[in-house]
Amino acid sequence: DIEDKMLKLGGVTPRLYSQVLRLAASCNIHTTLSTFSELKAEENEEFRTLELRSKKFVRQPARVMKSHNVVPPRYKRQKVDQDWGNVWPAARTFHPASVPLPVRQGYPASGQVTPDKWGNAELMKIPNFLHLTPPVIKRQCEALKKFCTPWPSGIETAAEQEKYFPVMVSKSTYLHSSPTLRDQKARIVTLRVSLKSLDLDDHGRDKLLRLVKNRHDPTTDCLTIVADRCPLSQQNYDYCFYLLTVLYNESMKTEPWEHEKEVADRERYIWEGSPSQAALQAIIDSNEDSTPEEVIEEYKKVVIDLHNEGEDEPTLSRYRDSVMKLVGLA
Amino acid sequence: MRKVASVLMMAGNIQGAAGSIFGRCVVPRKLVRSTPACGFRISEKLSAIPLLRSSLLPQRTLSPKLFHTASLSYLSASDDLAVGEPDKLYSLVEVECRGHDTAVLRSYLTFVSSAASHLNVSLEEILWPKKHIHRWTLLKSVHIHKHHRVQYEVRTHFLIMKFARLTGSTTDTFLEYIQRNLPEGVAMKVTKHELHRLPEHVKPSSEVIV
């Protein structure tokens, strides 16, 4: 024991010790006395121990945690027939105490159940649609109905729409989270019109097709004009209509140099004045019996097809049959 | 834009006089039904176009005294249609949504189809194009250790919804409602196909009815 050692070494008598303490007390010097030595001093039974070193660990009474008044979760106070739209009026991160559903989400740890909703990060991360329950959607749509207009009757099908409104203008807009609202692709405007809606004669149609080149789709007979050269979509839209107007008017005009168009420039084969017509005429003249009209017409049609549609099995076989009939071998 | 916001505030779920902005009550904008056939320029040959009579353009009037004078800037109708201007016609409106989670897109589709059925918008087609996966490989360590790498991937799921035969007012209303409730992490692209007449100096053929 330390106190015993000190007694042996220092020879400190109890009386001296008590004198020191009393002196210290009168001079307001801080002295520490262990509980044990204080007890002993009080009882006056044993010799008080002098403790100069730090005290041994003295067990204090256990710290009593303050019990907070925890309010029960909100869903316990909610009625069964409450208006859920008032509880969750707008998009909100999942709040387990407000939602009366026992939802679970997440991959369970081994041997565990799927984690419940309390403090569940997965449930909080994912967007929930609790603010868009069917009665709320219905209520909001009822309120929006007055801003909507019905579709006019009589233009339900695409054919009718094209009859009344031959031009279709397409435009895209974009919505995504990014530092800026604008998307450059939103300026692009596409105009589609079917050529059968335009009042064009043969020359006009041919000239228009030469001007637009690959913007015309032969299968659907549609002209597509894409404008993206201006920064705003309204400007591109005006430019599209301007282009359509200019194309139409230019194709209706005949320039003085257009008469220089040669046989090689022709977009399709024309029978009148062709070498085939001259050859056929020679055959007819040399033939003693008059060849029937329909044979001549058939031969003319078949030769035109052969040139315009290309040489493939059906056209060639038709040509063969027609020539046989003409020559008289069929 | 503003009309939907104000409507949703009022028609919403806040009871009593709590639906007030600027400390005063918001009065719903009155709608004055215009005369029939105002949606399209009335021609003498109305009988030739018996169909377009039903398109009405809603007009809005405000009572200015009930709004705070300091914040009237948002009420100016800069991009809204003027009174008597014909409503636009969209034969097709395609809405493409992109997201990283199919469950979110599916829930959004439920909401959109429900809203469309309430507002009498015809949802013609729903497509789910194949997802796109972008993968790339990086070195795991800052310096050397070339044989140890880490791989990332980003998956993008697509949803396309096609609505047919919408007028301009319906489109604006419907799209604004849909876009305000677009969930976080989902991007949207709207393609509108508008019906137009031929421009003035282009002569229509006999197939076109003017």
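**Entry 1. Salt bridges**

A salt bridge is taken here as a side-chain nitrogen of Lys or Arg within 4 Å of a carboxyl oxygen of Asp or Glu. I note at the outset that the model is predicted. With that rule I looked up A:Asp83 and A:Arg139, and I found that their side chains meet in a salt bridge, with 3.3 Å from N to O. I then placed the two partners: A:Asp83 lies in the loop between helix 3 (35-43) and helix 4 of chain A, whereas A:Arg139 lies in helix 6 of chain A, so the pair ties together parts that are 56 residues apart in sequence. Over all chains, I recorded a count of 25 salt bridges.

**Entry 2. Extent of the contact between chains A and B**

I next turned to the interface. Chain A brings 53 residues to the contact and chain B brings 66 residues. Between them the chains bury about 5800 Å², and 66% of this area is on carbon and sulfur atoms. I asked which three residues supply more of the area that chain A buries against chain B than any other three. They are A:Phe147, A:Trp151 and A:Tyr164, which supply 13% of that area.

**Entry 3. Polar and charged pairs across the interface**

How many salt bridges are there between chain A and chain B? I found a count of 1. I identified a salt bridge between the side chains of B:Lys203 and A:Asp199, at 3.7 Å from N to O.

**Entry 4. The side of chain A that touches chain B**

I listed the elements of chain A that give two or more residues to this side: helix 4 (84-87), helix 6 (134-144), helix 7 (158-164), strand 1 (167-175) and helix 9 (233-252). Strand 1 of chain A gives the most, with 9 residues. By class, I recorded 29 nonpolar, 15 polar and 9 charged residues on the side of chain A that touches chain B.

**Entry 5. The second largest pocket**

Lastly, I examined the second largest pocket, which holds about 420 Å³ of space. Its lining consists of 14 residues, and I noted A:His203, A:Asp206, A:Arg210, A:Glu258 and A:Lys261 as those nearest its centre.

Methods
Residues are numbered from 1 along each chain as its sequence is written. Chains are lettered from A and ligands numbered from 1 in the order in which they are written. This is a predicted model: local features need pLDDT of at least 70, side-chain atom pairs count only at pLDDT 80 or more; totals for chains, interfaces and linings use all residues. Side-chain values use heavy atoms; hydrogens and water are left out. On a 1 Å grid over the protein atoms alone, a cavity is a set of points where a 1.4 Å probe fits but cannot get out, and a pocket is an open set with protein on both sides within 12 Å along at least five of seven lines; lining residues have an atom within 4 Å of a point. Grid points are joined across faces, edges and corners, and a volume is the space filled by probe spheres set on the points. Contact means heavy atoms within 4.5 Å. Buried area is the accessible area (1.4 Å probe) that two parts lose on being put together, summed over both. Helices (H or I, at least four residues) and strands (E, at least two) are DSSP runs, numbered from the N terminus. Ala, Val, Leu, Ile, Met, Phe, Trp, Tyr, Cys and Pro count as nonpolar, Asp, Glu, Lys and Arg as charged, and the others, Gly among them, as polar.
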